[in-house]
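Hi there,

Here is the structure I promised to pass on to you. Have a look at it, and then read my notes below.

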Amino acid sequence: MVSAGEPKAAGGLALASVQFFFTLGWTVYVIYLPELLASAHMARAWLPLLLMADQLIFAVMDIAFALVADRLTDGYRKLARLLLWLTIISTFAFVLLPMSGNVSPSLLIAVLFIWVLSASVLRAPTVVLLAKRARAAQQGSLVRWYAAGMALAAALSPYVGTLLKGVDPRLPFVLAAVTLLIAVVVLMRTVMAAGPETRVEALQPVAFAVYAPALPVLVLAAGGLQLHAFVNAGPQYLAHAAKENLPWLMPLLWVGFFAALPAVGALVKRLGMLTVAAAGIFLTALGSYASAVVDSLPSLVVMQVLSGVGWAAALAGLMEYASTSGTRGAEGLFMGSFFAVLALATFGRILLVSTLLPHSPQLQGLMTFLPSGLLLAAGLIAALYAFKVSGRHSVMS
C-alpha cells in the first residue's frame with residue numbers, strides 16, 4: 001500500500017502520458033508551422049527564428065515556474081491548480097493557432113506566444129509537482145516515467161509526420177490539445193488523491209554550487225545528441241537506404257532509448273547516478289562516431305540503437321541526480337535549471353543548423369564528428385565529476 005505523500009504508480013503513468021501528448025503536440029506544431037506562416041503571408045525565414053524564440057521562452061519559464069513551485073506555501077495544491085489553469089489557456093491557444101494566420105501575422109505571433117508561455121508549465125513544473133510528493137528513493141522512478149513518455153512520442157514522430165500529410169491542420173491541433181488537457185487533468189486528480197502533503201524525510205537539498213557542474217555536462221551531451229539524432233542521422237541513413245524508408249529508420253534511436261529505461265534503474269542503484277550518466281554519455285559518443293564510419297545499413301541500425309541505449313542512461317542518470325539533489329524544498333530550482341539547459345541546447349542546435357552551418361564550409365566539414373566530440377567531452381567531465389562526488393561522499397561517511 002502507498003502511504004500519503006508518496007506518488008503512486010498511477011502518478012508516474014499520468015506523468016508519462018502528459019509528456020507523451022505534449023511531445024506529440026509539439027511535433028504537430030513543428031510539422032504545420034511552415035503552413036501556418038504561409039497562411040499569414042510570413043516569409044519562411046521566420047521558421048527558425050520562431051523555433052529559437054520558443055526555446056528561449058521555455059528556458060526562462062522552466063526556471064521561473066519551478067521557482068514559483070518552491071515558494072508556494074500550500075505546496076502541491078496551489079501548484080496543481082496553477083498548472084491546470086495554464087494548461088486550459090494553452091489548450092485554447094493551440095486550437096486557435098491554425099486559424100490565427102488567416103486573420104493577421106500579428107495575431108498568429110500573439111497566439112503562438114501565449115501558447116508557448118502557458119505550455120511551458122508542462123515541462124519542469126509537472127515533474128516538480130510529483131517530485132515534491134516523492135521520497136528521494138522514488139525520484140528515479142518519476143524520471144524514468146517522464147523519459148518513457150517523451151521517448152515513445154519521439155519514436156512515433158516520423159510516423160505522425162507521414163500520417164498528417166495533406167490533413168487540414170485544425171483536426172490534429174484540436175486532437176493534440178484535447179488529449180493533452182485530458183492527460184493533465186488525470187495527473188492533477190492523481191496528485192490530489194494522494195492525500196495531505198507530509199514531510200517524510202529530513203533531507204536538505206545540496207548546495208546548488210555542488211550540483212552546478214552537472215549543467216555543462218548536460219549542455220554538451222544534449223547538444224551532441226541533438227546534432228547526431230536530428231542533423232546527422234538522416235543523411236547517414238540515406239547513404240544506405242531509400243528516402244521512403246526514413247520514417248521507419250529515424251525512430252530506432254528512440255526505440256533503443258525506450259527499451260533501455262527499465263535497466264537504468266537497476267544500474268543506478270548499483271553504480272550511482274553520475275557513474276551511469278557518464279557511462280551512458282561515452283556509449284552515446286561511441287554510437288555517434290561509429291554511425292559516421294560504418295559501411296552498411298545493419299551496422300548503422302545497431303549503432304543508432306546503441307546511441308539510444310547510451311542516451312537513456314545519460315539523460316535518466318543526470319535527471320535523477322538533479323531531482324534528488326533538490327530534495328526537499330528546492331526541486332524547482334534544480335529541475336528548472338535542468339530543463340532550461342535542455343532548451344538552450346535545442347536553441348543552439350537550431351541556431352547552428354539554420355544560421356551558421358549553411359555559410360561555413362569549415363563547420364560543415366566538422367559536422368561528421370562534432371556530435372561524438374561534444375559527447376566525448378561531456379563524458380570526460382561527467383566521469384571526473386562523478387569521481388569527485390563519490391570522493392566527497394566517502395569523506396563524509
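A salt bridge is a side-chain nitrogen of Lys or Arg within 4 Å of a carboxyl oxygen of Asp or Glu. D168 forms one with R170, their closest N and O atoms being 2.8 Å apart.

Some background: this is a predicted model, where local features need pLDDT of at least 70 and side-chain atom pairs count only at pLDDT 80 or more, while totals for chains, interfaces and linings use all residues. Residues are numbered from 1 along each chain as its sequence is written, and side-chain values use heavy atoms, leaving out hydrogens and water.

The structure holds 3 salt bridges. Another one joins the side chains of D62 and R123 (2.8 Å, N to O). Both D62 and R123 are buried (under 20% relative accessible area; exposed is over 50%, partly exposed in between, with a 1.4 Å probe and protein chains only).

Which residue does R144 meet in a salt bridge? Its partner is E320, at 3.6 Å, N to O. R144 lies in helix α6 (residues 139-163) and E320 in helix α13 (residues 297-325), so the pair ties together parts 176 residues apart in sequence. Helices here are DSSP runs (H or I, at least four residues), numbered from the N terminus. E320 counts as buried, at 9% relative accessibility, whereas R144 is partly exposed at 22%.

Finally, S360 sits in the loop between α14 (331-356) and α15 (361-366). S360 is buried, with a relative accessible area of 18%.

Enjoy exploring!

How values were computed: Helix = DSSP H or I, 4+ residues; strand = E, 2+ residues; numbered from the N terminus.
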